[in-house]
Amino acid sequence: MLSEYGRSGVTKVAHPVAAFLVRIGVTANGITLTGLVLTCAAAVGFFGTGRLFAGAIVIGLCTLLDLVDGAVARAGDGGSPYGALVDAVSDRVADGVILGALAWWVVDTEPANRFALIMLLACMVLSQVVSYSKARADAGGLRTPGGLMERADRLVIVLVGAGLEGLGVPWALEAAVTVVAVGSLITVIQRVLGGRADYLSRAADEGAASVGDR
């Protein structure tokens, strides 16, 4: 939802910065890969060692590069299929490392906290399925809704939960990852049902057209 409603405002803010970066030769793929390296390093270095609040702040700042790379692509060559591939793969890797680092911390500090670990693993699986469902539908020419919880929503909730946990708020991380896991499952269902509805609608239109041609 954040991606849907916040995109226009972000574009307006990022466009002047993107235009400057293009003029000095910075590429969108370079920004994407830099953001990936910094995000993964921050996740392992901060979340993996229990510095959750600092990690949430640093990773949040790193993800700002994810907002800039798209603007740079549009300001430069308008974007390319290869750039979209690099961006998508980088996002999946970053999500996995962030959640994996949190799972590592839970196992290291609270090995008996099976609920948090299960929810983190559910988030890791379902976040990938959410993204794959959209990509597979697009590849098949099916229209699907964005759904309840896209990547920006998941990332904000996880980082807020981790940050509050780092400040000593009890069950903050557990609550956050539970919301993300449930929301991601709902999003997968929304996309599958949306794709099915689009497929049936097109099939009905094609059937009506073939009848009309007789």
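Predicted model: local features only at pLDDT ≥ 70, side-chain atom pairs only at ≥ 80, totals over all residues.

**Buried charges and what surrounds them**

R154 has a relative accessibility of 5%, so it counts as buried.

What does the side chain of R154 meet in a salt bridge? The partner is D95, at 3.8 Å from N to O. The pair links distant parts of the chain, with R154 in helix α7 and D95 in helix α5, 59 residues apart. D95 is also buried, because its relative accessibility is 8%, and the cut-off for buried is under 20%.

A search of the whole structure finds eight salt bridges. Several of the charged residues are joined up: D66, D91, R92, D95, R151 and R154 are linked in a network of salt bridges. Within that group, R151 and D66 meet through their side chains at 3.2 Å, N to O. Here R151 is in helix α7 and D66 is in helix α4, 85 residues apart, and again the pair links distant parts of the chain. R151 counts as buried, at 16% relative accessibility, whereas D66 counts as partly exposed, at 27%.

S131 belongs with this part of the talk. It lies in helix α6 and is buried, at 15% relative accessibility. Which residues does S131 contact, leaving aside its neighbours within four places in sequence? They are R92, R154 and R191.

There is another salt bridge to mention, between D198 and R143, at 3.1 Å from N to O. D198 is in helix α8, R143 is in the loop between α6 and α7, and the two are 55 residues apart. D198 is buried, with a relative accessible area of 7%, while R143 is exposed, at 57% relative accessibility.

Now the chain as a whole. The secondary structure comes to eight helices and zero strands. The chain has 214 residues, and 36% of them are buried. Among the contacts with a separation of 6 or more, 79% are between residues 24 or more positions apart. The accessible surface is about 11,600 Å², and carbon and sulfur atoms account for 70% of that area.

Residues 20-46 are 85% helix and 0% strand, with the end C-alpha atoms 32 Å apart. Residues 112-132 are 90% helix and 0% strand, and their end C-alpha atoms are also 32 Å apart.

Next, the nonpolar packing. The largest nonpolar core has 26 residues, and those touching the most other members are F47, I59, I98, L102, L120 and L173. Which elements give two or more residues to this core? They are α2, α3, α5, α6, α7 and α8. Of these, α5 gives the most, with seven residues.

Setting aside its neighbours within four places in sequence, I98 is in contact with T39, A43, F47, I59, L155 and V158. Apart from this core lies another one, of eight residues, including L21, I31, V72 and A73.

V17 and V72 are 55 residues apart in sequence, and their C-alpha atoms are 8.2 Å apart in space. V17 is found in helix α1, residues 2-23, and counts as partly exposed, at 43% relative accessibility.

On the outside, there is a nonpolar surface patch with about 860 Å² of accessible area, formed by F53, I57, L61, L64, L67, V156, V160, L164, L167 and V169. Helices α3, α4 and α7 each supply at least two of its residues.

Last, a backbone point. Most residues other than glycine have a negative phi. What is phi near for W171? It is near 65°, a positive value in a residue other than glycine. W171 sits in the loop between α7 and α8, and it counts as exposed because its relative accessibility is 56%, where the cut-off is over 50%.

That is what I have; I will take questions now.

How values were computed
Residues numbered from 1 in each chain as written. Heavy atoms only, no water. Helix = DSSP H or I, 4+ residues; strand = E, 2+ residues; numbered from the N terminus. Core = buried A, V, L, I, M, F, W, Y, C linked by side-chain atoms within 4.5 Å. Buried < 20%, exposed > 50% of the residue type's maximum accessible area, 1.4 Å probe, protein only. Contact = heavy atoms within 4.5 Å. Patch = residues over 30% accessible without salt bridge, like charges linked within 9 Å, V, L, I, M, F, W, Y side chains within 5 Å. Areas by Shrake-Rupley, 256 points an atom, 1.4 Å probe, with all protein chains shown as cover. Salt bridge = Lys/Arg side-chain N within 4 Å of Asp/Glu carboxyl O.
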